[in-house]
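Please find my notes on this two-chain model below. They are meant to be read with the coordinates open.

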Amino acid sequence: MKLNKEEEKMLTGAYGESYKKAMEILVTMGEYSSAEKMVPISWADLTTFSGRWGGHGDSPDNDLYHYLRDFEELCLKENAKFKCPMTIVDVSKDEERNERMKKLGAKLVAPAGASSPHDLFPWPLFGQYASPGATNGTTFFNPILGVRANSEGPIGVHMAALTGRTPEYGYLLDENRLGKVLVEVKTELKNYIDWAVLGFYISRKLSAHYWDIPVLTGIDTLKVTSDDIMSFCASMNHPGSMGHFLIEGISPEAPTIEKAFGGKEPIEKFVVGPEEMKEIYDLYAPSGNKPDIVTVRFPLTVERLYEVLNLLEGKKIHQNVSFAVNLTVHARTVAERFGVRKKLEACGVLMGETQGQVLWNGEIIDPWVDSRRVGIKTMITDSLKDCNGARNQDIEVALLPSLEKIINTAINGKVEV
Amino acid sequence: MENKIVLKGHKGIGESAEGEAIVCQEPINLMADTGNVWNDPSDTSFTNKIAMPSVYGKKFANKILVFPTGKGGIFSSNIMMDIAAAGAAPKAFINVRTHPVWALLSIVLKIPIVDRLDQNPCEVIKTGDWVRVDAEKGIVEVTKKN
C-alpha cells in the first residue's frame, strides 16, 4: 500500500503505540484486501457494540470487550484522540466505558437504541467514506445515501476512528459499487414484512457472493416507505451479507438501470415473484404450536407504534403469552411523552430497554441467547432476522406476514395464520 | 496412493497451520449459527438446521475451517474471540472471498487466513481432508481423505 507521510508516521510509531497498532492493523487489512491506499473517513460509529449490555453476546466477560478496553486505555495513556467524529449509543449503561470513549472524543448520541439506522445520526453524506459499527448501517448507507462503507465490526471501527483513515477496498471503490446482478421484482409488497422477505430471498440467493451487487427493478418508488427500506436493509444481512445493493429510482447511484450497471451487462438475472416470496414464508411458517412468546422486533417507528396501539387498545395480551416490542429512540420518546407506553403496558405489552432484549417472566433475556435456558419453545415474530438468529437455539421461530396477525396471535394465545 | 491438490492464491494473513478440514457450503454468522457458544464457548457445534444444512451438528474447534465467506452482523468478532479464549478456535480459515470481519479476526487472533484461490476451496476440499495452509505464500495443500 502507498501511505502518505502522516500515515507513515503513525505506522512507524512517531505518534505513539496506539496509532502504530491501529495503522498496523489497517495496513494488514488493506494489503490482504488489495487496497492501494488509505482514504479519510468522515464518521465512525459504535452503536451496536457498546460494551456490557448483556445481549447478543456482549457479555461482561467478552474477550472483544477486554481487547477494546485495553486499546482504549492505551489511547488514553498516550493522550490519543479519535481523528474523526465518532458516535456511540449508550446501549450498555457502562459508565466507565462511556467516560473512556468521551475522553477519546466520542459523542453519546442516544440513551438506548434499536441497533438500526433509525437511531444513527448525524448521517454521513453522499460520496463520503464512513466506518459504521452496525451491519445494517452499512446496508443503509451504501445503497440509500451513497455513502461508501465496508462492514468491519468494532475492531475496524476503533482503528479507523483513531487514525481517521480506512483502507480503500470493497465498497469504497467505484468498480465495486456498480450493479452485477439484475433482480426483477414481480410481486406486490404489502408491508415492511414483505420487504424483509424480499431482502431475505435475495440475500440467501447471493449469500456466497455478497460482493456481486444486486440491482432491483420493478419497484413502485412512489409507494415505498422508509420503514420498508430499513426492513429490507436489515434483512439483506441475514442470511447473507449484502453490504450494498441498488434500487432503480431510489438509490442515488441508480437513477437508471444503465447507470446502475455502468453500461455493462448483468452477470446474472433472476425474478422475485409470489412463488419466491412464498418459499421464504414457508421456510419459517408456524407449525400451529401455541406460542410462548410473540414479538415485534423490527424496531417500531412512531407510525407503527400508533398502529400497534390501534390494534391493541381495549384488549389484553393472552395470559400464557409474552408480547414484547422493540422501539426506535424516537418512538420511545413519543411513547413516554404522550402516554402511549402506559396504554400499551396496560394491555400487557412488555418493553425491553434496548435492542435485542425481551422481558420474560420478569427477566431481561435475549431470545438468540437464552430461549432454551428459560424454556421458550415457540416464538412468533415479525422479524426474519429473529427467525434466522433465534433458530440457533433449535426452537421454533415463525414469521407472520402482518402486524395485525401478530397482535391477534398475542391476544388469542394461538397463531393466526 | 496419496492424493494431493494444491490451491494457489495471494499472500494471506498470518503464518501457517495444518489440520483436518471442516467444509461449510453456507456463509457463517456465528451469532445465528452456533447457539451453544453462548453458554459454553468451547462448544462450536453448528446448531442452525435451516441456515447451515451442510454442517448442522458438526463442530469446527481446532480444525481448518473452509467456508465461502462471513455473513450477517458483526458479532462473529466477539464470539470467535470467546471461542479462541476457550481454546477452541479453528487452526486456519480458508474462504472463497473473505468478509472484512473475519480478516480482522485473523489479524487479532493470529489465525492464518487465505482467500481468492485459483480453485473454489468449498468444492475442492471435503470435510475430513488433511489441509496445510501457508498464508505467507498464499498456498493451500490438500491431502484427500480417500
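This is a predicted model: local features need pLDDT of at least 70, side-chain atom pairs count only at pLDDT 80 or more; totals for chains, interfaces and linings use all residues.

The points below take confidence first, then each chain, the contact between them, and some local details.

1. For chain B the mean pLDDT is 94, with 99% of the residues at 70 or more. Chain A averages 90, and 93% of its residues score at least 70. Within chain A, residues 50–57 have a pLDDT below 50, although this stretch has 34 contacts in the model beyond near neighbours in sequence.

2. Chain A, overall. The chain contains 16 helices and 17 strands. Its radius of gyration is 22 Å, close to the 22 Å that the globule rule gives for 417 residues, so chain A is as compact as a globular protein of that length. The C-alpha trace of chain A spans about 65 × 55 × 40 Å along the principal axes. Of the 417 residues in chain A, 56% are buried. Among contacts in chain A with a separation of 6 or more, 75% are between residues 24 or more positions apart.

3. Chain A, domains. The division is into domain 1 (5–173), domain 2 (178–282) and domain 3 (285–412). Between domain 1 of chain A and domain 3 of chain A, the C-alpha centres are 31 Å apart.

4. Chain B, overall. Four helices and seven strands make up the secondary structure of chain B. Read from the N terminus, the order of elements in chain B is β-β-α-β-α-β-α-β-α-β-β. The radius of gyration of chain B is 14 Å, which agrees with the value near 15 Å that a compact globule of 146 residues would have. A box of roughly 40 × 30 × 25 Å along the principal axes holds the C-alpha atoms of chain B. Buried residues account for 58% of the 146 in this chain. Of the chain B contacts between residues at least 6 apart in sequence, 71% join residues at least 24 apart.

5. The contact between the chains. Chain A contributes 42 residues and chain B contributes 37 residues. On the chain A side, the elements giving two or more residues are α2 (17–32), α3 (63–77), α6 (153–163), α14 (367–374) and α15 (384–389). By type, the residues on that side of chain A are 15 nonpolar, 22 polar and five charged.

6. Helix α11 of chain A.

7. Helix α16 of chain A. In this helix, residues 403–412, the buried positions are A:Leu403, A:Ile406, A:Ile407, A:Thr409, A:Ala410 and A:Ile411. The cover over the buried residues of α16(A) includes β11 (293–300), α11, β12 (322–327) and β16 (378–381) of chain A. Just after α16(A) comes A:Gly413, with a positive phi of about 75°.

8. Two phenylalanines in loops. B:Phe60 lies in the loop between α1 (30–33) and β3 (64–67) of chain B. Is B:Phe60 buried or exposed? B:Phe60 has 25 other C-beta atoms within 10 Å and is buried. Apart from neighbours within four places in sequence, B:Phe60 contacts B:Ile22, B:Thr44, B:Leu65 and B:Pro90. B:Ser42 is 18 residues from B:Phe60 along the chain, and their C-alpha atoms are separated by 9.9 Å. In chain A, A:Phe338 sits in the loop between α12 (329–337) and α13 (340–347). A:Phe338 counts as partly exposed, with 13 C-beta neighbours inside 10 Å. From A:Phe338 to A:Gly199 the C-alpha distance is 34 Å, for a sequence separation of 139 residues.

Terms used:
Residues are numbered from 1 along each chain as its sequence is written. Chains are lettered from A and ligands numbered from 1 in the order in which they are written. The radius of gyration is taken over C-alpha atoms; the globule rule is 2.2 Å times the number of residues to the power 0.38. A residue is buried if 20 or more other C-beta atoms lie within 10 Å of its own, exposed if 12 or fewer, and partly exposed in between; C-beta atoms are placed from the backbone. Two residues are in contact if their C-beta atoms, placed from the backbone, lie within 7 Å. Ala, Val, Leu, Ile, Met, Phe, Trp, Tyr, Cys and Pro count as nonpolar, Asp, Glu, Lys and Arg as charged, and the others, Gly among them, as polar. pLDDT is the predictor's confidence in each residue, from 0 to 100. Domain bounds come from an automatic or database domain assignment.
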